[in-house]
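Reader: I'd like a close look at one part of this model, the surroundings of the second ligand. Could you walk me through what sits around it, and then say how the other ligand's surroundings look?

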Amino acid sequence: MRILVTGGAGFIGANFVQHVLATHAEDEVVTFDLLTYAGNLANLEPVMRNPRHRFVRADVADPTAVTAALVGVDAIVHMAAESHVDRSIADASDFLRTNVVGTQVVLDAARAAKVRRFLQVSTDEVYGSLGPTGAFTEESALRPSSPYAASKAAADLLVHAAHHTHGIDALISRCSNNYGPYQFPEKLIPLFVTNALADEPLPLYGDGCQVRDWIHVVDHCRALDVIVRRGRAGETYNVGGGNERRNVDVATLILETLGKPQTLLRHIEDRPGHDRRYAIDASKTARELGWAPQEPFAAGIAATIDWYRKNRAWWEAVKSGAYRDYYERMYGARLRAAGGEGRS
Ligand code: NAD
Ligand code: TDX
């Protein structure tokens, strides 16, 4: 089959494109990506010369470009998005355009082109924050906290409406926090690993006791692969690592693994509206599709830290230019207030 992956030059997208090409010898992949600050063709370097892969640089909110790319496509895995919570707090406009309008554009084009299947790659953040116990199921209410999460929830509702009203064969996956190679160093784990490698402070929000359920990106890719092939139309599938960790413990582990001093840790002013805890009940996905995460956190985080250590050129290039302005805007004042350096 031919799969179009929107956002395929980003973190999860690039891992997914590589996974599909490596595990399905008969499949073709079209990567459709605008190459925003988060998109990077270096992430696709291993498949750029593969004859079963084609790259299209275009915008999901551009109906003409989406329609042109859909010729011969059997399934869409839609993951193009603005994906960083902190950026959505600073300015939500790109999140509405890409995540909400872009999703409707892709749905409409898919319907017109009679694409057989549409998978919306969503997030556990649409469910909001949990107390100390319990886990999100697919039946949990949508209570997004951040503009990012609200834009993803809006997109999910548009997907549901397209299925209900137009009969599109569409389904939704909702995954917890991913980690692994090629993740943009604005997210917790790659930011902290690359800062530690550069002997820069690690900016921990608030008390650092917020909890995330970490999953290795390849386990998420395996889940997306079975969901798009065997999931039931109209359904939602939760995906999680079963790996709850406090941010402070993740930070401590990164410093220990790299042999860096714990004094690099800086508690800075908290993220506004910060969700306290996420946990995912993925038993439906396990039961219906036989999926389970395979990568234990200890091995996965060690391999990931090693990847950033060995791929310094990748992240040094990413952390130059506009990234420096972003880092100063996001962390400069807060780090100085906490008595640390504002550079990274
Ligand atoms: P990312 O920010 O690394 O990548 C996003 C990609 O989308 C980039 O390549 C970017 O260039 C592209 N893009 C952005 N705007 C576009 C547009 N208008 N048109 C075409 N392409 C555009 O994100 P990620 O972490 O890989 O996340 C991918 C998807 O998975 C997102 O939909 C996100 O909501 C979802 N998700 C992420 C996580 C996580 O932990 N990272 C967890 C659950 C779900
Ligand atoms: O500098 C930081 N300091 C810090 O303490 C950053 C960037 C984050 N954090 C905290 C905030 C969160 O509690 O670490 C935790 C993880 O933060 P992020 O990596 O920004 O992820 P999160 O906000 O949990 O959202 C992620 O998971 C769900 C992804 O960014 C989303 O795209 C995905 O949908």
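**Around ligand 2**

Author: Let's start with glutamate 125, where a polar side-chain atom lies 2.3 Å from an oxygen atom of ligand 2. Keep in mind that this is a predicted model. Threonine 123 also puts a polar side-chain atom 2.7 Å from an oxygen atom of ligand 2, and an N or O atom in the side chain of histidine 274 is 2.7 Å from an oxygen of this ligand. On its own, ligand 2 has 640 Å² of accessible area, and the protein covers 94% of that.

Ligand 1 has 28 residues around it, and Ile12, Asp33, Ser83, Tyr148 and Lys152 are the closest. A polar side-chain atom of lysine 152 lies 2.6 Å from an oxygen atom of ligand 1, while a backbone N or O atom of leucine 34 lies 3.1 Å from one of the ligand's nitrogen atoms. Ligand 1 exposes 830 Å² when taken alone, and the protein buries 97% of that. Strand E5 (117-123) gives the most to this shell, with 3 residues. By class, the shell around ligand 1 splits into 14 nonpolar, 11 polar and 3 charged residues.

Technical notes. Residues numbered from 1 in each chain as written. Chains lettered and ligands numbered in written order. Predicted model: local features only at pLDDT ≥ 70, side-chain atom pairs only at ≥ 80, totals over all residues. Heavy atoms only, no water. Near = heavy atom within 4 Å. Polar contact = N/O pair within 3.5 Å; in protein donor to acceptor, adjacent residues only side chain to side chain. Areas by Shrake-Rupley, 256 points an atom, 1.4 Å probe, with all protein chains shown as cover. Helix = DSSP H or I, 4+ residues; strand = E, 2+ residues; numbered from the N terminus. Nonpolar A, V, L, I, M, F, W, Y, C, P; charged D, E, K, R; others polar.
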